[in-house]
Amino acid sequence: MPLELLESPDLDADKREGLWTLNFGPQHPATHTTLRLVLQLDGEMVIDAEPDIGFLHSGFEKLGEVLDFNQYVTIVNRMNYVSPMANEIAWHHAVEKLLGVELTPRCKYIRTIFAELMRMHDHLLCLGTCVLDLGGATAFMYAFNEREAIYEICERASGQRFHTSYTRVGGLLYDVTDDWVKMVKDFVRNFPKAYRDFSGLVMKNRIFVERTRDVGVLSREEAIEGGATGPTARASGVARDLRRDEPYLAYDDFDFDICASQGGDCYARFQVRMMELLESVKIIEQAIDKLPKGPVFAGESGKTGMPDKKEVYRSIEGLIHHFESVMPNRQMPCPKESIYAATESPNGELGYYIVGDGTFRAYRARTRPPSILHFALFSKLIRGCMLSDVAAVLGSINIIAAELDR
Amino acid sequence: MATQINKQLGDNIFLTTLDAAASWGRAHSLWPMPFATACCGIELMSTAASKHDLSRFGSEVMRFSPRQCDLMIVAGRVVMKMLPVLQRIWLQMPEPKWCISMGACACTGGVFDTYAVVQGIDRFMPVDVYVPGCPPRPEQLIRSIIDLQEKIQSGGTINAREFKLRILPEGPSRFDEDELIRIRERNGFKLEDQKYDPVH
Amino acid sequence: MSNETCGSNTSEVEALKSRLADSLSGVTLEWSEFREQVRVVCPANELLKCLSAFKASGFDQLTDLTAVDLLEYGNVNDRFEVVYCLLNIDTGMRLIAKTYLNEPDLTIPSATSVWFGADWLEREVYDMYGIVFSGHPNFKRLLLPDDFQSFPLRKDYPIKGRGERHNFPVITRAES
């Protein structure tokens, strides 16, 4: 906890000479991969922090102009790599909005379940690694143990733990089986105990509370004007959640609350994430009980999406439909328009601005990552805090470097 | 002769060469330095977590300071802004040191054949073990650590002589074939004019 | 997609247009709608006036700022399109404001005076496309190294680059 917060750390020129520069380099122990901060310190107090990013810039947006809508999903889930399927769901939500494809109820429910599982995945990592950065290795182990259960659920559905590339335009790669449903129900049943273990270690822990209370305070106006979304903004009092305000997939059918807080400090951001874990469990419970039967692909009659494999192998219409969906010069026509569509990813509002040019490939696929605006706010959050608070603040705003740099 | 001596000495004393003893010690206490850039970094963290526990194999701590480690695990894609940092950290590590290139992006550039991503760190740095996968499962990474342990055990020397022999760069050349073609085309070089082109 | 939502959307747009009528009286705006999203095209020389008017009429969050290179789009007159995605936190209404730029004059005023969150987004647009934002507090490249020469997201830059990714020294095992 900082001893005193500076109101306006504007220093005169002679005082500035006494500052020393610390390079919190791109390779550092705070487990947030490749970020660089150049800190100006007066003793232990941070006067200024200038972030330097781009150490993971891989040309994602250029790849979006080369790969088509179904191929780009493999790249998109490498952006927010702690909750990969959330990116895929957001990408295909935007593509389906552009193409005007309506999903089947079963597909919507499965995607909703995966979106909430990924939300838990991301929050567990954020909380676990931040506590690890502050020194508590046990909580990290507990959080990762729960994440292993979610990895197994993803693997049962799609074949891969991570980077599943599970969604397609109009549907999913494979339908889910009954033992997948059983796995999800077991997970939901076992999670509250693990949650109690984890929160008992962390949330009332005096060291953790002292290190995160009143550290890195973000006011409501700064959050709105700076473009913060998701748990970072909700912890500052901006009670906005796209699942309730612009409902997509099947969120209208479920009964859940929005978690927000007034504090705006690191502890509030953690509290919001912990509460959201419980809300996600509620949504998954309701969804898995009411999972509708039916096809997962949007069907052949409307020519919107891939047909069922049984039809492809047994009927000539299915074969032709499959051929038309896959061959590059014959796919679904796309309007020559542009849209912006966003979903509530675990980190905030993950939006895609897609410009279509008539072919099945995006002319411009822009990702609006939540992390870049949060990291731009970092220099405001860290002023007046101590050097050891840098790890706490970095962990609480949950920067994912690949999403930041694309 | 050696077996006769062994029988006389009993089970508490065994004879070996200094190289083998040093290699045994080094192989079974590899402290990794996780150079985790992207998604493979998360799988590295999962490998170090409690389900697939990496510290069973000697990697008890993951020190983030290069001066305290002997194994660098490059996990994730390396972009051109990050490559000088990677090389600098590799040079800061004390001998003996080994490098594991984890994941498709560190081995060859992976899915990212773009202007910014280095197409394999072995073009610029010496690598001992390659782990394919996107991302590789924790079991694959553990297998690569075991393979590295066997490599150290079989070829290791006490004064690190085996590293001094590797004087040539071991990876592919810095330039891709198609980049060479693009550079030549920009300089006005036409392939049809030449009778023999080693690129094709 | 029921009649109600279309109706309320249209009435919101009409209310917005009437609020903007006095502050933007001399400016020609082209309004359009697609899949319930409202888009407006502002002229480049009146851009800052339009953005301030939008902020004053309730759009207090800048969600995204990006650009599109229309070189290969066909049937357009301009090369670059700069897009501002705006959001009204209280009502939840979204607006997409666009403006068009042509070479050689790729300079427009910076939106950091209206929303400070535009800071890094504009640096990224400069980094990728070469569009200069005048009046920006800290104008330099964001994602690529400072000495990188080209603007990668332009359509005339190849995806594999022009050899920049391999321009580094090689370290062998013996010398390290």
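This is a predicted model: local features need pLDDT of at least 70, side-chain atom pairs count only at pLDDT 80 or more; totals for chains, interfaces and linings use all residues.
Let us begin with chain A. Its secondary structure amounts to 18 helices and eight strands. Buried residues come to 56% of the 406 residues in chain A. If you take the contacts in chain A with a separation of 6 or more, 68% of them are between residues 24 or more positions apart.

Now zoom in on a sheet in chain A. Three strands make up this open sheet, and they lie in the order β1-β2-β3 with antiparallel pairing. The edges are taken by β1 (20-24) and β3 (45-52) of chain A; each has a single partner strand, so one side of each is left without a neighbour in the sheet. On average, and ignoring direction, neighbouring strands here are turned by 25° against each other. You can follow the pairing in detail between β1(A) and strand β2 (residues 36-42) of chain A, which run antiparallel and are joined by five bridges. To find one of these pairs in the viewer, look for L22(A), whose bridge partner in β2(A) is L39(A).

A pair of helices in chain A also deserves a look. Helix α5 (residues 105-133) and helix α17 (residues 389-397) of chain A have axes that come within 9 Å and cross at roughly 175°. An angle over 145 degrees counts as roughly antiparallel, and α5(A) and α17(A) are therefore roughly antiparallel to each other. On the α5(A) side, the contact is made by C126(A), T129(A), C130(A) and D133(A), while α17(A) brings A391(A), A392(A), G395(A) and S396(A). Sorted by class, this contact of α5(A) with α17(A) has four nonpolar, three polar and one charged residues.

In the interface between the two chains, 27 residues of chain A are in contact with 28 residues of chain B. On the chain A side, α2 (60-64), α3 (73-76) and α6 (137-158) each supply at least two residues. It is α6(A) that gives the most to this side, with four residues. By class, the side of chain A that touches chain B is made of twelve nonpolar, eleven polar and four charged residues.

Strand β1 (residues 32-36) of chain B is mostly covered, with five of its five residues buried. Which residues lie on each side of β1(B)? P32(B), P34(B) and A36(B) are on one side, M33(B) and F35(B) are on the other, and all are buried, leaving both faces of the strand covered. Strand β2 (residues 71-75) of chain B runs parallel to β1(B), and five bridges join the two. Within this pairing, P34(B) has I73(B) as its bridge partner in β2(B).

Chain B also meets chain C. Here 28 residues of chain B are in contact with 16 residues of chain C. The chain B side draws two or more residues from each of α4 (83-92), α7 (161-164) and α8 (177-186) of chain B. The largest share, five residues, comes from α4(B). The classes on this side of chain B are 18 nonpolar, two polar and eight charged residues.

That brings us to chain C itself. Its secondary structure comes to three helices and seven strands, and along the sequence they follow the pattern α-β-β-α-β-β-β-β-α-β. The radius of gyration of chain C is 20 Å, whereas a compact globule of 176 residues would have one near 16 Å. Its C-alpha trace spans about 75 × 35 × 35 Å along the principal axes. Of the 176 residues in chain C, 36% are buried. Finally, among the contacts in chain C between residues at least 6 apart in sequence, 52% join residues at least 24 apart.

How values were computed
Residues are numbered from 1 along each chain as its sequence is written. Chains are lettered from A and ligands numbered from 1 in the order in which they are written. The radius of gyration is taken over C-alpha atoms; the globule rule is 2.2 Å times the number of residues to the power 0.38. A residue is buried if 20 or more other C-beta atoms lie within 10 Å of its own, exposed if 12 or fewer, and partly exposed in between; C-beta atoms are placed from the backbone. Two residues are in contact if their C-beta atoms, placed from the backbone, lie within 7 Å. Ala, Val, Leu, Ile, Met, Phe, Trp, Tyr, Cys and Pro count as nonpolar, Asp, Glu, Lys and Arg as charged, and the others, Gly among them, as polar. Axes are lines fitted to C-alpha atoms, for helices over the stretch in contact, and angles run from 0 to 180 degrees between N-to-C directions. Angles under 35 degrees count as roughly parallel, over 145 as roughly antiparallel, 65 to 115 as roughly perpendicular and the rest as oblique. Two strands pair if DSSP finds at least two bridges between them.
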